[in-house]
Amino acid sequence: MLTSLTDHNRFFVVRPPNGRYGRRFAHGECVAPVNTGEFPECPMCNVPIGMRSWLPPRTVRLSSMQQKKVADFIWGAGFSFLVSERVAKACVTKNIKGMHVDVEKVQVLPPSPGNAKTEALSGKSLPNYYSVSIHWPGASLDKSQTQVTKTGVTCSYCQSGHLLKIDKIAIDLESWDGSHIFYLRELPGFIIASQEFKLNADEFSWSGLHFIPVEVVIYNEMTGIAIQKID
Ligand SMILES: [Zn+2]
């Protein structure tokens, strides 16, 4: 129940508003050559628990360059999200833990390829953007309350396997390392934010983020993430 949690220890699943490829905000796509490094691995079973690291030079083509559509958080294919310079700076001044911001800025290109003049001017009116990597694991699931269905699980630590559905996510507060944004040990596909992260997002009016309280998140592999209806 939402009411059993205090403001201090609420957590949220962070999502792109209207889906990763929604029309409200521009999304991005990596432009070749894409240089990648190693997968992050489970220390117990060595299974990859996330995407390969993305190495510079990093270039992203946006689906739109309209300023109102280019949010502080740009979601896309080949990376989780990019953050605008003001987000990167605020995360330093507010000591946000759990998100490593890469030093080199990402080159941002407009939607239509091949127009050298447009590409030369691209991004001039936009802030700088940076790629990030999100910390894993920031916390574990509370086994007594969580209802997650997976098949083919071979590792008791990362629980890697085929995720079929989630009926309830409950975070074990004892296992939380204090990160403000992170992946759960057993659900590395879901970005989790703490209450403090959300307060900063609200304070600075960061655009391009949608927060769903973890308690009401449900998931089905056929339909994706949804919000549980509460009677
Ligand atoms: Zn493992």
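1. Start with strand S16, residues 217–220. Its covered face carries Val-217 and Tyr-219, and its uncovered face Ile-218 and Asn-220. Strands here are DSSP runs of E, at least two residues long, and helices are runs of H or I, at least four; both are numbered from the N terminus. This is a predicted model: local features need pLDDT of at least 70, side-chain atom pairs count only at pLDDT 80 or more, and totals for chains, interfaces and linings use all residues. Residues are numbered from 1 along each chain as its sequence is written.

2. S16 has two partners to look at. Strand S11 (residues 162–168) pairs with S16 in the antiparallel sense, over two bridges. Two strands pair if DSSP finds at least two bridges between them. Lys-165 has Asn-220 of S16 as its bridge partner. Strand S17 (residues 224–227) also runs antiparallel to S16, joined by four bridges. Here Ile-218 is bridged to Ala-226 of S17. Three residues separate S16 and S17, which form a hairpin.

3. Next, the core. The largest nonpolar core has 51 residues. Such a core is a set of buried Ala, Val, Leu, Ile, Met, Phe, Trp, Tyr and Cys residues joined through C-beta atoms within 7 Å. A residue is buried if 20 or more other C-beta atoms lie within 10 Å of its own, exposed if 12 or fewer, and partly exposed in between, with C-beta atoms placed from the backbone. Ile-74, Leu-82, Val-83, Ile-191 and Ile-192 touch the most other members. Strand S9 (residues 129–141) gives the largest share, six residues.

4. Helix H3 (residues 195–203) buries Phe-197, Lys-198 and Ala-201. Seen down the helix axis, the buried residues of H3 fall within an arc of 95 degrees, taken from the directions from the axis to the C-beta atoms, so they line one face. The face turned away from the buried side carries the exposed residues Asp-202 and Glu-203. Just after H3, Ser-205 takes a positive phi of about 55 degrees.

5. Check the backbone exceptions. Most residues other than glycine have a negative phi, and most peptide bonds are trans. A cis peptide bond joins Trp-136 and Pro-137, with omega about -10 degrees. Pro-137 lies in strand S9. Another cis bond joins Pro-56 and Pro-57, with omega about 0 degrees.

6. Asn-95 has a positive phi of about 55 degrees. Asn-95 counts as exposed, because it has 8 C-beta neighbours inside 10 Å. Gln-159 also has a positive phi of about 55 degrees. Gln-159 is buried, with 21 other C-beta atoms within 10 Å.
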